[in-house]
There are 4 protein chains.
Amino acid sequence: MNKYSVAVLGATGYTGLELVRILRDHPGLVMRFATSEAEAGQPVRGTSLRYVKAADVPLAEVDIVFACLPHGESGAYSTAAHEAGVKVVDLSSDLRAGQAGAEYGIPELWRECVRGKTLVANPGCYPTGILLGLAPLIRAGLVAGGKPVMIDAASGVTGAGRTAKREYLFGEIAEDYRAYAAGNAHRHVPEIGAGLGRIAGGEAPEFVFTPHLLPVRRGILETMYVPLVAGASVGAAVEATRSMYTGEPYIEVMGETLPSLRDVVNTNRVAIGHAPVAGVKDPLLLCVVALDNLVKGAAGQAVQNANLMLGFEETAGIGR
Amino acid sequence: MNKYSVAVLGATGYTGLELVRILRDHPGLVMRFATSEAEAGQPVRGTSLRYVKAADVPLAEVDIVFACLPHGESGAYSTAAHEAGVKVVDLSSDLRAGQAGAEYGIPELWRECVRGKTLVANPGCYPTGILLGLAPLIRAGLVAGGKPVMIDAASGVTGAGRTAKREYLFGEIAEDYRAYAAGNAHRHVPEIGAGLGRIAGGEAPEFVFTPHLLPVRRGILETMYVPLVAGASVGAAVEATRSMYTGEPYIEVMGETLPSLRDVVNTNRVAIGHAPVAGVKDPLLLCVVALDNLVKGAAGQAVQNANLMLGFEETAGIGR
Amino acid sequence: MNKYSVAVLGATGYTGLELVRILRDHPGLVMRFATSEAEAGQPVRGTSLRYVKAADVPLAEVDIVFACLPHGESGAYSTAAHEAGVKVVDLSSDLRAGQAGAEYGIPELWRECVRGKTLVANPGCYPTGILLGLAPLIRAGLVAGGKPVMIDAASGVTGAGRTAKREYLFGEIAEDYRAYAAGNAHRHVPEIGAGLGRIAGGEAPEFVFTPHLLPVRRGILETMYVPLVAGASVGAAVEATRSMYTGEPYIEVMGETLPSLRDVVNTNRVAIGHAPVAGVKDPLLLCVVALDNLVKGAAGQAVQNANLMLGFEETAGIGR
Amino acid sequence: MNKYSVAVLGATGYTGLELVRILRDHPGLVMRFATSEAEAGQPVRGTSLRYVKAADVPLAEVDIVFACLPHGESGAYSTAAHEAGVKVVDLSSDLRAGQAGAEYGIPELWRECVRGKTLVANPGCYPTGILLGLAPLIRAGLVAGGKPVMIDAASGVTGAGRTAKREYLFGEIAEDYRAYAAGNAHRHVPEIGAGLGRIAGGEAPEFVFTPHLLPVRRGILETMYVPLVAGASVGAAVEATRSMYTGEPYIEVMGETLPSLRDVVNTNRVAIGHAPVAGVKDPLLLCVVALDNLVKGAAGQAVQNANLMLGFEETAGIGR
């Protein structure tokens, strides 16, 4: 098997740490460089490498870069590296609107667009779950127009990054729970809208996105209230979802059982469940999606994309 | 001040423990009996009492009973005690539909109905927050008809009681999060509907209620998506809420700041915040409510009701 | 009752927040100033005050200062305020060795030394539990010389303060547990040694102190392995402890039941339990102590000291 | 590679679940039966099997049994299965004193005794860490006689099993911490003593074992206070440990850095660190050990033992 040299940019954040962990078991990707501005010179746990500064990575010795730098910096680095002939998966939000020709990489939705590409924007954690949950329903024509989909989401704290901020101290988060960036103010809202529009092949359904901060380390649960067209049922929703994801290694369609974080944490899986809603005049469906924000919501999906870019088996190094 | 003799029925559950704690500091209520079937004969921590079995409470020596027995048993006990001439606050769901003439006790909504009554059904924890959050909006005519209010709620684990069940073990709950009884299947749904109807003075608005289980000990957060009538605004919602709750000791109207569990845990307060929603055609409001399920959602409100029943100052023993 | 004007210096740290909460219910202390360098101008939750900078507190209008500034700054401020004629409780470690004539304030051990004083150094959280647990055993002559007392302690994360540091993020602390400053390297070690020496009336017993960081918000548990003199027993230890603390409102002697954090969190109590040790040649005793690091370990004890300084009832404002 | 048929007895407990997870990736062990008395007939998540009752496992079709039944039942089943010609790893405490000829299996200490055996008693979680931490020190003659080693241990809640008990509910454990079975009363004490004696080749050093219950799901940390012989140093302890475990895949000798749960959770590793102790007359060493109670403390070590029994590479299926 071909071996490719990898650089992980921003390797001491939660996403970077997860990438380092996944790459240790990858049969064809060899981590050669891991960067950290603050810990340059320190050893990289579980490897024989030492962190270097991002500017000190010799791109000529690198085949593919995973860029997990802060939003704002990451896209600039990725674009430059790509222009220098290196393949890039950018995990920030900088290139997700297609900047610099980047392909938006959710394999289960747009696999053939990713295959063989050289610059891929890895999706946000919240959008990954929303788009994978709603795509089968939209494509099957089950979602009623003119009414918003309500998306009530909750994420573990690692989603906020590993930078020291008072609001994410253990003493602030434990035994607490709160909404934030409510009312479509979250920076993932345009990404969600663009993704839904692409799935719909035109105008996206309206939606309202409300993230909450959970006192857990990792995991996202998204409870979506989906208005259905007349005559649609929860059975049709389950069937459309099952049918679309047959054979997908990382999608678990649970039928009328609802997923919990425990079903997906530490894996690259997205679990999807549906429930009917009683007592309302217009038909409504609950669609609940769970994923690990650091794996399928970041590092795992990034490796899945890299596998498609380089011609590896899509699950290489990721496990089940 | 008059002193009344109190019996707490079911004193070793989470609600019962909280009642025992509150009653310790009450100027006019003296706990004389605390019951536990399993721990009868054992000392009641922080008091000089010992637990007795429920059947062994001499009702002739009791002025007021707080009944926290399991749903099903509690109402029967309460009805019998009431017929024997004892005042009763029943904390189960058994009498909340008005059985045996019980008054439904949310002081901030129906204070004068509770005052001087002898049998009060203490509301459920989820309904307390929902009704207090939506009442000002409904009364002010801000809620649009014909569309459901989506109520996405999350509760700490003590809401599930203190009976040993595998699903509530620490090993199952920590680092997990999930929906349950989704799609209007929760047993609080009829109580919510009845309460909303009473507030509306007729037909209740449609609603969808989805509770989730949080890995915290106590606290409820309810994120409500409220369809507004044309021309209504978040400002009007804040104003209606502030106006209705002026002078209420236990309602904190936070304006366009959203509450978190931390704001209310270990207190009898309900905190209410509002947020506008961008990017949707029909006007929509977020109304987020937080309360402690064991205090304002159970034991604290029960003492508030008892104070109204007996003529004490409404805040006696409860603190702020 | 006399009313005294209070300034809380460093009111947005965990200790400061706890002081603000306690002072709200104090019958004779009125918080007039609360300082925060970062939040100056912002409202102080639950009051009508706004934070001011420490340098802007008009000491002439203040009767007593609670100084919770960072170690290093706090002592200098306290000394200057005291010289300006203001009474001071300093909660940092700066004055605990008696600097500037400060009295070391553990009321249950040295009550009469604190009464009426004008400058008191509030003890550290770890030493408070250790000294209160070991004092009865040392005074009763039960502790064997020549062998160290092993003190294995664990503290909730608020003990590390509210400054943003990566190592105290929720993502780092949840599901983790570790020792730190092991082998008598913790900055409380000299304070513990001095306190034990004062109790012993001469040379302190040797000890080894190993703190650990618990994934809880608050609470300290200290498991102490105490070598006993020949003929001593766990019964004698319980008896000595019970005898010394008879009538103390904040000491709970549990006998041969061992305390847990749950017994003391959110209260000013110290709970002390003892257990015999089987299978060892030389007699050994386990002495386990629990307290809330923010209450009896900081803010609660500070108010207890202030009450003694000002002539209030010792429990005023603190509750049980 | 040879393929062996496996039965997991008691597959819905925490240890059983972990075994099922590990076996999924094992190249030579194929899980054919998984038992559960309560869930017989239900599907085994992530497999195509259904749970059967223990009595319904056809032993003639099984090559090796992992018995995770409750203490008391497990040994009887294992002995009978072994007599029927099946290889057995028993994970209960029933056979750890050598009953029925069972070999006590800690590969890093007694690898050659396990290789090729047909009946192995898998060690307890606490003893595994203690014996692996102390063995190098005892063998190198560094531990002083006549004084007890103090072992202060803390374990995550899964160590208490998955049976529904009130004391292990989330509402009881979260934000709590306590000692239990203190003073050498824990049922692992004889196993620890026997293991230390075997290491010492005669009389074991005295020890005092105090377990505590941590509010985490998994992981054990053991802080050991080790009296040293005159002239011994922390450097000698590190050196002895490093030397003994050179080349061991699952032992991480950290030198004078102390391990935390985070270093080992979800792995089969034991991490060992040492620290000097200042301020005491007689030389003393801190030895801190961390491991995952469900992996190296149970299921992972069981597969390690099975690999030795069957002639597989010792790390097969376990990962790093």
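Modeller: Two strands pair if DSSP finds at least two bridges between them. Helices (H or I, at least four residues) and strands (E, at least two) are DSSP runs, numbered from the N terminus. This is a predicted model: local features need pLDDT of at least 70, side-chain atom pairs count only at pLDDT 80 or more, and totals for chains, interfaces and linings use all residues. Residues are numbered from 1 along each chain as its sequence is written, chains are lettered from A and ligands numbered from 1 in the order in which they are written, and side-chain values use heavy atoms, with hydrogens and water left out.

Take the sheet in chain C. It is open, with seven strands in the order 8-9-7-10-13-12-11 and mixed pairing. Strand 8 (178-179) and strand 11 (251-253) of chain C each have a single partner strand, so one side of each has no neighbour in the sheet. Further in, strand 10 (residues 220-227) and strand 13 (residues 284-291) of chain C are antiparallel, paired over eight bridges. One of the bridge partners is C:Val288 in strand 13, which faces C:Thr223.

Helix 7 (residues 234-244) of chain C lies across strand 11, strand 12 and strand 13, at about 165° to strand 12.

Now the neighbour, chain D. Here 45 residues of chain D touch 45 residues of chain C. Together these chains bury about 3400 Å² (accessible area, 1.4 Å probe, that two parts lose on being put together, summed over both), with 55% of it on carbon and sulfur atoms. D:Glu175, D:Tyr177 and D:Arg262 supply 19% of the area that chain D buries against chain C, more than any other three residues. On the side of chain D that touches chain C, the elements giving two or more residues are strand 7 (149-155), helix 5 (170-173), strand 8 (178-179), strand 9 (207-213), strand 10 (220-227) and strand 13 (284-291) of chain D. That side has 25 nonpolar, nine polar and eleven charged residues. By class, Ala, Val, Leu, Ile, Met, Phe, Trp, Tyr, Cys and Pro are nonpolar, Asp, Glu, Lys and Arg charged, and the others, Gly among them, polar.

Four salt bridges are counted between chain A and chain D. In one of the bridges, D:Arg45 pairs with A:Asp263, the closest N and O atoms being 2.7 Å apart. A:Arg45 forms a salt bridge with D:Asp263, with closest N and O atoms 2.8 Å apart. A:Arg45 lies in the loop between strand 2 (29-34) and strand 3 (64-67) of chain A, and D:Asp263 in the loop between strand 11 (251-253) and strand 12 (270-276) of chain D, so the pair joins two chains.

Conventions:
Salt bridge = Lys/Arg side-chain N within 4 Å of Asp/Glu carboxyl O. Contact = heavy atoms within 4.5 Å. Axes fitted to C-alpha atoms, helices over the stretch in contact; angles between N-to-C directions.
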